[in-house]
Amino acid sequence: MNKYPMTVQGARALEEELAHLTKVMRPQLSQAIGEARELGDLKENAEYHAAREQQGMVEARIRDIEGRLQNSVVIDVTTIPHTGKVIFGTTVDIANVETDEAVTYQIVGEDEADIKQGKLSVSSPIARALVGKEEGDVVTVRTPSGIVEYEIVEVRHV
């Protein structure tokens, strides 16, 4: 079985979602199914069918989260000595060499990636080009719009 890297924050978010699903959603849905059963004929009981369908989705999500947590390797970047190299979990400031446009990304696991929040999947082309490089290095990234060069301005362990 493959192990997947995950930041401490990503693991905590999944654990919180799992707790909410098991401690809040499960009991609510169980109660809703019980109440819908009391209404009578289950064949034509829309409330019952809706609650059962939602219960199925919640149970599937619970299994998915449990599997992800079980197959994850949680990496706490704050415990790793700072060397100036880009590694999983670090936050990196990069600047486009041509346009001087600066962006900041945190290199995270695939499940945590959210480009709008500046969280970049470790398997993305930009992250693959950055990992292992140091502050001051220039990296070349092949993007759909062509080849782009970025300079690594700063690497932080946050």
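**View 1. Valine 97 and its contacts in the predicted model.** Leaving aside its neighbours within four places in sequence, valine 97 is in contact with Val138, Glu149, Tyr150 and Glu151. The model shown here is predicted. Valine 97 sits in the loop between S3 and S4. Its relative accessible area is 40%, so valine 97 counts as partly exposed. Glutamate 149 lies 52 residues away along the chain, but the C-alpha atoms of valine 97 and glutamate 149 are separated by 5.6 Å.

**View 2. The pair of helices H1 and H2****.** Two packed helices are described by the angle between their axes and the distance between the axes. Helix H1 spans residues 8-37, and helix H2 spans residues 46-70. Their axes come within 9 Å and cross at roughly 160 degrees. That angle is over 145 degrees, so H1 is roughly antiparallel to H2. The crossing of H1 and H2 is left-handed. Where H1 meets H2, the contact has 15 nonpolar, ten charged and three polar residues.

**View 3. The largest nonpolar core****.** In soluble globular proteins, nonpolar side chains tend to be buried together. The largest nonpolar core here has 16 residues. Val92, Ile94, Leu130 and Ile152 have the most contacts inside it. Two or more residues come from each of these elements: strands S3 (91-96), S4 (102-108), S6 (138-143) and S7 (146-156), and helix H3 (125-130).

**View 4. Leucine 130 and its contacts****.** Beyond its neighbours within four places in sequence, leucine 130 is in contact with Val86, Val92, Ile94, Ile107, Val139 and Ile152.

Key
Residues are numbered from 1 along each chain as its sequence is written. This is a predicted model: local features need pLDDT of at least 70, side-chain atom pairs count only at pLDDT 80 or more; totals for chains, interfaces and linings use all residues. Side-chain values use heavy atoms; hydrogens and water are left out. Axes are lines fitted to C-alpha atoms, for helices over the stretch in contact, and angles run from 0 to 180 degrees between N-to-C directions. Helices (H or I, at least four residues) and strands (E, at least two) are DSSP runs, numbered from the N terminus. Angles under 35 degrees count as roughly parallel, over 145 as roughly antiparallel, 65 to 115 as roughly perpendicular and the rest as oblique. A crossing is left-handed if the near helix is turned anticlockwise from the far one by less than a right angle, and right-handed if clockwise. Ala, Val, Leu, Ile, Met, Phe, Trp, Tyr, Cys and Pro count as nonpolar, Asp, Glu, Lys and Arg as charged, and the others, Gly among them, as polar. A nonpolar core is a set of buried Ala, Val, Leu, Ile, Met, Phe, Trp, Tyr and Cys residues joined through side-chain atoms within 4.5 Å. Buried means under 20% relative accessible area, exposed over 50%, partly exposed in between (1.4 Å probe, protein chains only). Contact means heavy atoms within 4.5 Å.
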